[in-house]
Amino acid sequence: MNAKFQPHYRALGLNIGYYRKINDYTQLQLAEKLNIDPTHLGRIENAKVGASLDVVFAIAEIFQISPEKLFNERY
């Protein structure tokens, strides 16, 4: 992961966590829906690793939002 893009990874992770919580999903529940390890989801939310576009698109579909909303900074 390129450190130059760390703020973008952080925004993505925060947004995934935000939408997960307002939709009453635990990390385990969302990870199961995504067919990924819950630890990996936690690392995405904490900006320790990046997410594939397939995962980003699947998350957006689950939350019924546009993928762009996962990248927008919410301050």
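Predicted model: local features only at pLDDT ≥ 70, side-chain atom pairs only at ≥ 80, totals over all residues.
User: Is Arg20 buried or exposed?

Analyst: The cut-off for buried is under 20% relative accessible area. Arg20 has a relative accessible area of 8%, so Arg20 is buried.

User: Phe63 was among those contacts. Which residues of helix α4 are buried?

Analyst: Helix α4 covers residues 53-63. Its buried residues are Val55, Val56, Ile59, Ala60 and Phe63.

User: Which exposed residues does the face turned away from the buried side of α4 carry?

Analyst: Exposed here calls for a relative accessible area over 50%. On α4, the face turned away from the buried side carries Leu53, Asp54 and Glu61.

User: And what covers the buried residues of α4?

Analyst: The cover includes other helices of the chain. Among them are α2, made of residues 27-34, and α3, made of residues 38-45. Helix α1, where Arg20 lies, is also part of that cover, so to name what is included: α1, α2 and α3.

User: What phi does Gln64 take just after α4?

Analyst: Gln64 sits in the segment after α4, and at 74% relative accessibility it counts as exposed. Its phi is positive although Gln64 is not a glycine. The value is about 55 degrees.

User: Where is Asp24 found, and what is its phi near?

Analyst: Asp24 is found in the loop between α1 and α2. With a relative accessible area of 67%, Asp24 is exposed. Its phi is positive in a residue other than glycine, near 55 degrees.

User: Let's turn to Gln6. How far apart are the C-alpha atoms of Gln6 and Ala47?

Analyst: Gln6 belongs to helix α1, residues 6-22, and is partly exposed at 31% relative accessibility. Beyond its neighbours within four places in sequence, Gln6 is in contact with Met1 and Ala47. Gln6 and Ala47 are 41 residues apart along the chain, and their C-alpha atoms are separated by 7.3 Å.

User: Zooming out, what is the radius of gyration of the chain?

Analyst: The chain has 4 helices and 0 strands, in the pattern α-α-α-α. For 75 residues the globule rule gives 11 Å, and the chain comes close to that, so it is as compact as a globular protein of that length, with a radius of gyration of 11 Å.

User: What percentage of contacts between residues at least 6 apart in sequence join residues at least 24 apart?

Analyst: For context, the C-alpha atoms fill a box of roughly 30 × 25 × 20 Å along the principal axes, and 32% of the 75 residues count as buried. The share of those contacts joining residues at least 24 apart is 60%.

User: Last one: how far apart are the mean positions of the positive and negative charges?

Analyst: The accessible surface is about 4,900 Å², with 49% belonging to carbon and sulfur atoms. As for charges, the chain has 9 positive and 8 negative ones, and their mean positions are apart by 8 Å.

Key. Residues numbered from 1 in each chain as written. Heavy atoms only, no water. Helix = DSSP H or I, 4+ residues; strand = E, 2+ residues; numbered from the N terminus. Buried < 20%, exposed > 50% of the residue type's maximum accessible area, 1.4 Å probe, protein only. Contact = heavy atoms within 4.5 Å. Rg over C-alpha atoms; globule rule 2.2 N^0.38 Å. Areas by Shrake-Rupley, 256 points an atom, 1.4 Å probe, with all protein chains shown as cover. Lys, Arg positive; Asp, Glu negative; His and termini not counted. Charge placed at Lys NZ, Arg CZ, Asp CG, Glu CD.
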